[in-house]
Amino acid sequence: MSGGLIRTLHLGSTRRTRAPMLIAPALLAACEGQQSALAPAGSDARVLDDLFWVMLVGAVILWLLINGLFFYVTRINRAALSRRFANGLIVVGGVIFPTVVLGALLTYGLSIMPDQRAPGEGLTLRVTGEQWWWRVEYWPDGADAPIIAANEIRLPTGQRSEIVLDSARVIHSFWIPALGGKMDMFPGRESRMSLMPETPGRWRGQCAEFCGASHALMAFDVVAMPLADFTAWLQMQAAPARPPATDAAERGAQIFAREGCGACHAVRGTEARGAVGPDLTHVGSRLSLGAGTLKTTLTDFERWITHTGAIKPEVEMPAYDYLTDTDLSDLAQYLKGLE
Amino acid sequence: MKRVLHTLAVLAVLGLVAGGAVVGLGLYNVSARVGHMPGVSWVMHTTFRNSVRLRASRPKDMPDLSDAALIELGARHYDTACRTCHAAPGEARSATMAAMEPAPPHIETAVQDWQAHHLHWIVANGVKMTGMPAWPAPRDDDVWPVVAFLLAVQDGMTETDYTALTQLPEADAPMAYCLGCHGDGGTNHVPPLNHQSAAYLQASLHAYRSGTRASGIMAQAASGVSPQALDELAHWFARQTPAEPVAAPQMPVQLIAQGRALAHAATGDGDVPACAACHGPNARDASELFPVLSGLPAPYLEQQLLLWRDATRGGGRQAQLMLKATQNLSDTDIFALVAYYATLRTNRSDADE
């Protein structure tokens, strides 16, 4: 009896708190964390952040001035103004003041733009928007072949890296709010931007142009690392895949070949040379699976392989829902082992 | 006005009662012996002819209907599926068939006055209330071999021609029937079977039987034997030694090269999965459920790829892989892939490259 009462009370309280609990994190997440232009971690994002605050403060001051003036003439001093004063107000407040303010803001705003496309200092990334994932090539200074990765952007801190953007079929938009402004990606046309991360850390990027059914699930991880760490990481990415370390992984590698996964995915150092989907040479060491959609845990590998379309609507990869549980688990072991 | 409405209502009720009595009390005589009342046959037959003329449209592209291999395939299908009712050229209909109401016309009469697209429509759709069935598959491009045969009948095919066309090779019972079309390395429209794995053949035969892989001709063939017999057939064909490689068809060298690049994912763009990963050549580690494509006849390969792209083709549980894989193929891609695979020599182990 009393237990029932307590349960009822408890349910009641849950119901009451549900709405604010849902809204609060959404509001807070907008201001800080992995994906916010208001928590800058790079020089480009900081410039944009400054621009935002200058504009916001300016807009608030102007709003107060205009409304103050309006309040003054309608509530405090309701007598007619002299024609001379009124004329002066129109010329100064309506022509000179806006011209000066807008001119200053425009000059400030335009002066920022070239920095967004400043040339890089060695490393060039080539990012191609696919439906719905990111093909990433790293071209270190003087390289004649790229180091291929996917769905993860790593950049050295304290150095400006150039990013060349392209798209396969539809328009996407490349945006890492914590590091800089966004830039559209067009099929058949290269667009360029550059980023200079300052703080090491992990952020999230997101496609910012509607690009089809799974647009909202087209995200990526961004990691800014000190130069030495970055160089070591890149060297590891350049290496061919490690051979399977366990019996399960070895069986998984055979299943990978048996099911023809290599038709779409490349695993460097093996027969798999496909280029339709992401390069999987080091997929086990990536931070996410399915372009920021799942984690790279064994369970998530299995979920992804068997439920592609349910997890990501209209995705090109077919669902391998006919694999046996053992096959699936072996395959997941193999993929997780590709570090 | 009110009186008119009253009368109409009474008439309607009487009509309903009369109709109900015919259906409910069995007043209508369905005896085929008695036949139709005068004029009814004429009305129904005229309706049939006009309905076909209205609905059969001339297709944009027809295969070459004078192709001997197409006529032979059509004749062999006709022999098992249609001959029972319509008889063969030079042969009399059985007495039982002639007693049907309406009696199926002898094939030599049936094909008169129709053009290719009319015949295609009739074979694909069947005719209601006559006993003429629809094509037993949800696609109708594979109706053309039958049309090619029917046009040959229209042109005066003799009994001797027909017997020569439909003769079965020397072999045991179920195999002889299969070998009629698939023997001797197949034809342009029929693939040879003896370089595929038993697993693939088995899956395909069951898919034909259950309808997940659509083909009017193969549905008829696969429904003629028991599921166990299908498994035995699959293993029997897989055991046969591959036919001596015939001379590769002539294909433009550039097209072959384009096909090779596509099949091995060497084009540099990521639109088409590498066919070779599953279908070879040299896909030794790939599942036995994936068919070997090397050396298959070009028209057959082209037709299958088009069916896949149009999502008309199915198969076993792996069919979903091919449905995804073929979505981005252009017509040129298909021609190039066909040129590449048709010119590779046939070999089950694919050690030919």
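Tutor: Happy to. Let us begin with a word we will need: a residue is called buried if 20 or more other C-beta atoms lie within 10 Å of its own, exposed if 12 or fewer, and partly exposed in between, with C-beta atoms placed from the backbone. This is a predicted model, in which local features need pLDDT of at least 70 and side-chain atom pairs count only at pLDDT 80 or more, while totals for chains, interfaces and linings use all residues. Residues are numbered from 1 along each chain as its sequence is written, and chains are lettered from A and ligands numbered from 1 in the order in which they are written.

Now to strand E2 of chain A, residues 133-139: five of its seven residues are buried, which leaves the strand mostly covered. Strands here are DSSP runs of E with at least two residues, and helices are runs of H or I with at least four, both numbered from the N terminus. Two strands pair if DSSP finds at least two bridges between them.

On one side, E2(A) is joined antiparallel by seven bridges to strand E1 of chain A, residues 124-130. Look for A:Thr128, whose bridge partner in E2(A) is A:Arg135. Two residues lie between E1(A) and E2(A), and the two strands form a hairpin. E2(A) also runs antiparallel to E3(A), with four bridges joining them. There, A:Tyr138 has A:Ile147 of E3(A) as its bridge partner.

Step back, and these strands belong to an open sheet of five in chain A, with the order E3-E2-E1-E5-E8 and mixed pairing. Strand E3 (147-150) and strand E8 (191-195) of chain A are at the edges with a single partner strand each, so one side of each has no neighbour in the sheet. From one strand to the next, the twist averages 25°, where axes are lines fitted to C-alpha atoms, for helices over the stretch in contact, and angles run from 0 to 180 degrees between N-to-C directions.

A:Ser161 stands opposite A:Leu195 of E8(A).
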